[in-house]
Amino acid sequence: MKCMKLEGLSRYIIGFNGFDEFVTSFFTVYQAASQEGWVFIMYRAIDSLPGWRAVLYFSTMIFFLAWLVKNVFIAVITETFNEIRVQFQQMWGVRGHIQNSTASQILIGDDRGWKLVTLDENKHGGLAPEFCHIILRSPHFRLFVMGVILANGIVTATMRFKHDERPRHVFYENYYYTEVGFTVLLNLETIFKIWCLGWRGYWKHSIHKFELLLVVGTTIHVMPGCYMSVFTYFQVLRVVRLIKASPLLEDFVYKIFGPGKKLGSLIIFTMCLLIISSSISMQLFCFLDFTKFETFAEAFMSMFQILTQEAWVEVMDETMLRTRSMLAPLVAVYFILYHLFVTLIVLSLFVAVILDNLELDEDIKKLKQLKYREQSAEIKETLPFRLRIFEKFPDSPLMVTLHKVPSDFNLPKVRESFMRQFVYETEEDENSESGIKKLNEEVFDSKIIYRKQKPLKILNNLPKVRVENIKLKKTSVSYIINDSNNQRLMLGDSSMIPVPGSKGPLKPQGTVNSMKQLRIELKKNQREEDLRENHPFFDTPLFAVPRESRFRKFCQLIVYARYDARLKDPLTGKERKVQYKSLHNFLGLVTYLDWVMITMTTLSCLSMMFETPYYRVMENISLQVAEYCFVIFMSIELALKILADGLFFTPKAYVKDVAALLDVFIYLVSLVFLCWMPKRVPPNSGAQLLMILRCLRPLRIFTLVPHMRKVVYELCRGFKEILLVSTLLVLLMFIFASYGVQLYGGKLARCNDPNVTKREDCVGVFFRRVFVTKMKLPPGKNETFPSILVPRVWANPRRFNFDNIGDAMLTLFEVLSFKGWLDVRDVLIKALGPAHAIYIHVYIFLGCMIGLTLFRCSQLTKEDGAILRRD
């Protein structure tokens, strides 16, 4: 055998992709940008070119064309959709007007959201006595019904089929009687509700209409001859009622599907687009020797396949192969334009519509923002528990001996916690309101920030003066403290007020942001100051390093030293003319110490990339050097930060959030690994676990860089929405999996020899054809395609089955990623008929088009809400 160069072959043989001319190159780039089959093109390029060049080219193309451009389309369409919605609101008023109904309703909001509550919901028109209504409204009755539905789902999920030559009905005949029992119980529940509420009272609720539909459908399902048929849909849809068990999940579902006008219109638009495109494609390509477009149903499935981007290139290539060479480019343009429209515009519209459904009305949004700010202010008012623990101990301020007379002290600092022992606080009366208000104005006009929050009354009588009033009694001590602070402020004590331009209670212009925030901030600072005055060990790192020691100040100097990236003159405020402003800002992003640790962590991670099962760090000195350097530098970093700010019981302690705990954990893992350095790493051993935990080291970069830490924080804040979406997807998968087990369990097995259809004939061996190339090369004269001898086996398809609930959910989870669903569709059509292809198409549309889109929308809504709250 020898390699031969094939020359003069047409595109119909070697394929339509490549880089030989511009048109073919453009076609190939678009195909790769759709992320369908691009890896095979990359591997062909690796075989022909240097590997690094092909990998760099295709990786860059995927990043910019597949990821960046697609998300830009989504952002642009979402923004355009929002602008159109705002314009229509301005023209026609605010959306969501409350419709007139016989019941009185009010809008009530709580932590879970806003909802309409019916005031006369206790009214009833049924014939049942009052105690039946008490039972109907009781939580125990609802819990019992939810328990019955949950038990029904669990029992159905235990159904499983085996291929042991027993008849199929043997595996589910016992479940029939159980299903009859559940159906009777839930039918009695519906009759009980109608008896209590009356027909009109029952019918006016949407959830009751859905329950009645399930009752009718499941009753037909348990009739002889209808069990394990298409009516199984009604039985598996009972699980949807479990959403009522979680008010949070119920509100989330209502936000998405409740205002169904826009989402329903988009679904209808998508279906109309599929019908129109399928009709056109059938008329264009039905004359080809090709089964994809022979009938409308096959054309519809082919166009839906292109919509999901699963093997859409195969549909296009197979159609181009069966057309003339002059028409092949036009066929490619037709499919590319359709793919471009449905993937970048139609699918982006789903994101825009769901985001709009999750968006709150402007008035409700303002109320929720105001409530969030109040909650945030209340949270900030309290000190962390690690600092409040000092309040449990008695006060023991340090006393010092002075060798100077009081007149020698130019800057007396009055300890307020001491002065408070001689005054007590009283409630404001009506006579003092104007005086206190005037005092507050005087205090803020003089820009004195350090003051008492409530009026004071002195215990001992003041010396007699010409005019003695209540205002003088309440402010005497305050004036003593303010006079001391004024002297310190005039002589340049920067600790009294924040520096203009920094983050504090003052804006850069020197005005107060809000009185409430200032009051809370001052109260919090006052509590810290009191603890600092009365507890000698407060704000002392490790209870050993003195608070004002030179050693601690030296450590703080090293820890907080950073590049001065101020691009404005601190005196004039004018912008300085410097080059490479972005570089200056980048250098000032973190401190010098953090830059050193970012560099060392990066180098250590790079050294870990060179480790293999045969090239361990324990056996190589160069890799050990990086390990030792990382542990030594991190030890120095932790020591400096702990000595400067403390470990836990200090205001700026190192261990105060999850990021610091992660840093300590990474350090301990690295230290234990360095001390142990196991020579052997057996499977499922402690040494292997330690090697796995070392892989968390790159997370240090996320904790050191503020912008990366913020991204992770925003992702974690959206965990509640992600959990809700995941719950909905799991519920959807369970419904379709349960239906699949009951209808398709035990029916998909077949012989691997396509010529054998019966199980008893599936014995012996047969020749199976083997394809060694994707080119359409016909065999030569007196030649056949290569084949091998394989045994006949009766088994399920290689990658999926519906014999039990676990395998069914695994199959649907794979389908949820748009991968492998064509195999499921083709097997269902071949084994049971074309009508059963509807099952997988409905699941793809609900699970992938709507379900997976919610992951983006939930996180985007969370981030938008955070931005609105910050504004």
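**Close-up views of a predicted model**

**View 1. The crossing of helices H12 and H31.** Helix H12 and helix H31 cross in a right-handed manner, meaning that the near helix is turned clockwise from the far one by less than a right angle. The model is predicted, so local features need pLDDT of at least 70 and side-chain atom pairs count only at pLDDT 80 or more, while totals for chains, interfaces and linings use all residues. Residues are numbered from 1 along each chain as its sequence is written, and side-chain values use heavy atoms, with hydrogens and water left out. The axes of H12 (residues 296-308) and H31 (residues 821-832), which are lines fitted to C-alpha atoms over the stretch in contact, come within 12 Å and cross at roughly 160°. The two helices are therefore roughly antiparallel to each other, a term for angles over 145 degrees.

**View 2. The enclosed helix H13.** Helix H13 (residues 312-321) is largely enclosed by the rest of the structure, because 7 of its 10 residues are buried, that is, under 20% relative accessible area with a 1.4 Å probe and protein chains only. Among the buried residues of H13 are Trp312, Val313, Glu318 and Met320.

**View 3. A nonpolar patch on the surface.** Residues including Phe63, Trp67, Leu68, Phe269 and Ile345 form a nonpolar patch with about 1000 Å² of accessible area together. Such patches take residues with over 30% relative accessible area and no salt bridge, and join nonpolar side chains within 5 Å; a salt bridge is a side-chain nitrogen of Lys or Arg within 4 Å of a carboxyl oxygen of Asp or Glu. The largest share, 9 residues, comes from helix H4.

Notes
Patch = residues over 30% accessible without salt bridge, like charges linked within 9 Å, V, L, I, M, F, W, Y side chains within 5 Å. Areas by Shrake-Rupley, 256 points an atom, 1.4 Å probe, with all protein chains shown as cover. Helix = DSSP H or I, 4+ residues; strand = E, 2+ residues; numbered from the N terminus. Axes fitted to C-alpha atoms, helices over the stretch in contact; angles between N-to-C directions. Parallel < 35°, antiparallel > 145°, perpendicular 65-115°, else oblique. Buried < 20%, exposed > 50% of the residue type's maximum accessible area, 1.4 Å probe, protein only.
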